[in-house]
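Have a go at each one before reading its solution.

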Amino acid sequence: MLEPGRRLPYSGHGGPLFDTGRLAAVLRLAATQSGWPHTPSPTRAWGIAAHFTFGSYVAEAVEVSIQNGVIKVHRVVAAVDCGTVVTLSGAEAQVQGGTIDGLSAALFGSD
């Protein structure tokens, strides 16, 4: 549904345009770098998600398992298209912080 790439009007955070091709590209990169569609082992699984906001396109693939009834995160692969990066360490820190925030909400968030 994302291909071929299109630039669509968007009035939310990150507008005025949403580029489906850029979102497809980060999804494809996260999937490829994670090893998808190869399953790491019979006891592990992959999940993948993508998001666009404030002009940045991000996709993350997460390798998980359930051990003794508890979800264990083994690996996270992130692909980001945020345009020109001025300070690489700052961009990396934002991606790492966002990943930790998302995992915390998913694994430990309350109702």
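Pro-4 sits in the segment before β1 (7–9), where strands are DSSP runs of E with at least two residues and helices are runs of H or I with at least four, numbered from the N terminus. This is a predicted model, so local features need pLDDT of at least 70, side-chain atom pairs count only at pLDDT 80 or more, and totals for chains, interfaces and linings use all residues. Residues are numbered from 1 along each chain as its sequence is written, and side-chain values use heavy atoms, with hydrogens and water left out.

**Exercise 1.** Work out whether the peptide bond from Glu-3 to Pro-4 is cis or trans.

*Solution.* Check omega: it is near -5°, and the bond is cis.

**Exercise 2.** List the residues of the largest nonpolar core.

*Solution.* 
- Step 1: apply the definition, which asks for buried Ala, Val, Leu, Ile, Met, Phe, Trp, Tyr and Cys residues joined through side-chain atoms within 4.5 Å; buried means under 20% relative accessible area, exposed over 50%, partly exposed in between (1.4 Å probe, protein chains only).
- Step 2: collect the 8 residues, Phe-18, Leu-23, Val-26, Ala-30, Phe-52, Tyr-57, Ala-59 and Ala-79.
- Step 3: assign elements; α1 (20–34) and β4 (56–67) give two or more residues each, and α1 has the largest share, 3 residues.

**Exercise 3.** Decide whether Phe-54 is buried or exposed.

*Solution.* Find Phe-54 in the loop between β3 (44–53) and β4. Its phi is near 50°, a positive value in a non-glycine residue. Relative accessibility is 63%, so Phe-54 counts as exposed.
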